[in-house]
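Trainee: I am new to this structure. Please walk me through how to read it.

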Amino acid sequence: MEKATFAAGCFWGVEENFSRVRGVVSTKVGYTGGSMEKPGYYDVATGKTGHAESIEILFDPDIVSYEELLEVFWDIHDPTTLNKQGPDIGTQYRSAIFYHDEKQKEAAMNSKKRQEESKQYVNSIKTEIVQATEFYPAEEYHQKYFEKLRSR
């Protein structure tokens, strides 16, 4: 198994999209990229911790490649808005790829370059590509949020 970490706005929808991908073994929503240790939702919501709402994915590279996950990432959000996705505004909703090794970094950089060269966006891509740091799982009520709603 390999790990991938992305931020693309509110983590509920991001998790919903990635959980449908064949080869994704598990998903976990949480917070990464900030300075506070063990932040909670209300800490991150202030925009002062530097964390992004993000998703940590365990995937089977024999079934789905990291490059394929990057394609899902680009397709599920608008990477041209700075610190904003839909109605959600703040640094916690930024677009980011958190790479776990040099191979992922190179794949992310190449993928971003292809997106930019595709000219499918009117505005420039704001997605940051940074090394993964500590990932703090979000509170249980955030995990598989839409799945929980459907089962009520």
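Mentor: Start with Trp 12. Its relative accessibility is 24%, so Trp 12 counts as partly exposed. Buried means under 20% relative accessible area, exposed over 50%, and partly exposed in between (1.4 Å probe, protein chains only). This is a predicted model: local features need pLDDT of at least 70, side-chain atom pairs count only at pLDDT 80 or more, and totals for chains, interfaces and linings use all residues. Residues are numbered from 1 along each chain as its sequence is written, and side-chain values use heavy atoms, with hydrogens and water left out.

Trainee: How many aromatic pairs are there?

Mentor: Rings of Phe, Tyr and Trp (its six-membered ring) pair if their centres lie within 6.5 Å; planes under 30 degrees apart count as stacked, over 60 as edge-to-face and the rest as tilted. By this rule there are ten aromatic pairs. Phe 6 and Phe 73 have ring centres 5.2 Å apart and planes at 25°, so they are stacked. Phe 6 lies in strand E1 (residues 2–8) and Phe 73 in helix H3, so the pair ties together parts 67 residues apart in sequence. Helices (H or I, at least four residues) and strands (E, at least two) are DSSP runs, numbered from the N terminus.

Trainee: Is Phe 73 buried or exposed?

Mentor: Phe 73 is buried, at a relative accessible area of 0%. Trp 12 and Tyr 145 form a stacked pair, 3.6 Å centre to centre with 5° between the planes.

Trainee: What is phi of Lys 38 near?

Mentor: Most residues other than glycine have a negative phi. Phi of Lys 38 is near 50°, a positive value. Lys 38 sits in the loop between strand E2 (24–32) and helix H2 (41–45).
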